[in-house]
Amino acid sequence: MGGRLAGFDPEKLVVVVGMPRGGTTSLYHIFDEHPGCFVPFRKETAYFSYNFYKGETWYKGLYRERPGQVPAMDISPQYFADLRCIDRIKALAPRAKIILSVRNPVEWIVSSFFQTNKFQREPSFEKFSDGYTISG
């Protein structure tokens, strides 16, 4: 695959969205090692959500080293919960392929609890599973 540099091509965009703790980091590393895929240097571009203000030129620049005809991967789980992303993706790349990563809700809440408690010893699992809001 490879050859000359191709840059951004909306026909070759693959967007991975998913629940937090849904395996997107693993997918990023798998795609990064695969010669038939191109991932930018950062996993979560978040362009279609909170980095949209940076503009299309910024986003396309993340893919300037994409070789040949390989798909350009955008792995940003935050798109899962941001409805603005749907129209933004369709406007830039109407034929983009979408991969949705979901997880069993029980496994998700347990994983989220342990991830949260890596950085703080609060709250209890009971409080966390009853609607605790992660902040900061």
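1. Helix α4 covers residues 105-116, and its 12 residues should span 16 Å at 1.5 Å a residue; the end C-alpha atoms are 16 Å apart, so the two agree. The expected span is 1.5 Å times one less than the number of residues. Helices (H or I, at least four residues) and strands (E, at least two) are DSSP runs, numbered from the N terminus.

2. This is a predicted model: local features need pLDDT of at least 70 and side-chain atom pairs pLDDT 80 or more, while totals for chains, interfaces and linings use all residues. Residues are numbered from 1 along each chain as its sequence is written, and side-chain values use heavy atoms, without hydrogens and water.

3. In α4, the residues I109, S111, S112, F113 and T116 are buried, meaning under 20% relative accessible area with a 1.4 Å probe, protein chains only. The buried residues of α4 pack against α5 (125-129), contact being heavy atoms within 4.5 Å.

4. At the start of α4, a side-chain oxygen of N104 comes within 2.7 Å of the backbone nitrogen of V106.

5. The model has an open sheet of 3 strands, ordered β2-β1-β3, with parallel pairing; two strands pair if DSSP finds at least two bridges between them. β2 (72-75) and β3 (97-101) are the edge strands, each pairing on one side only.

6. Strand β1 (residues 13-18) runs parallel to β3 and is joined to β3 by 5 bridges. V17 has L100 in β3 as its bridge partner.

7. Helix α1 (residues 24-33) packs on the sheet and touches β1, β2 and β3; the directions of α1 and β2 make about 160°. Axes are lines fitted to C-alpha atoms, for helices over the stretch in contact, and angles run from 0 to 180 degrees between N-to-C directions.

Methods. Buried < 20%, exposed > 50% of the residue type's maximum accessible area, 1.4 Å probe, protein only. Polar contact = N/O pair within 3.5 Å; in protein donor to acceptor, adjacent residues only side chain to side chain.
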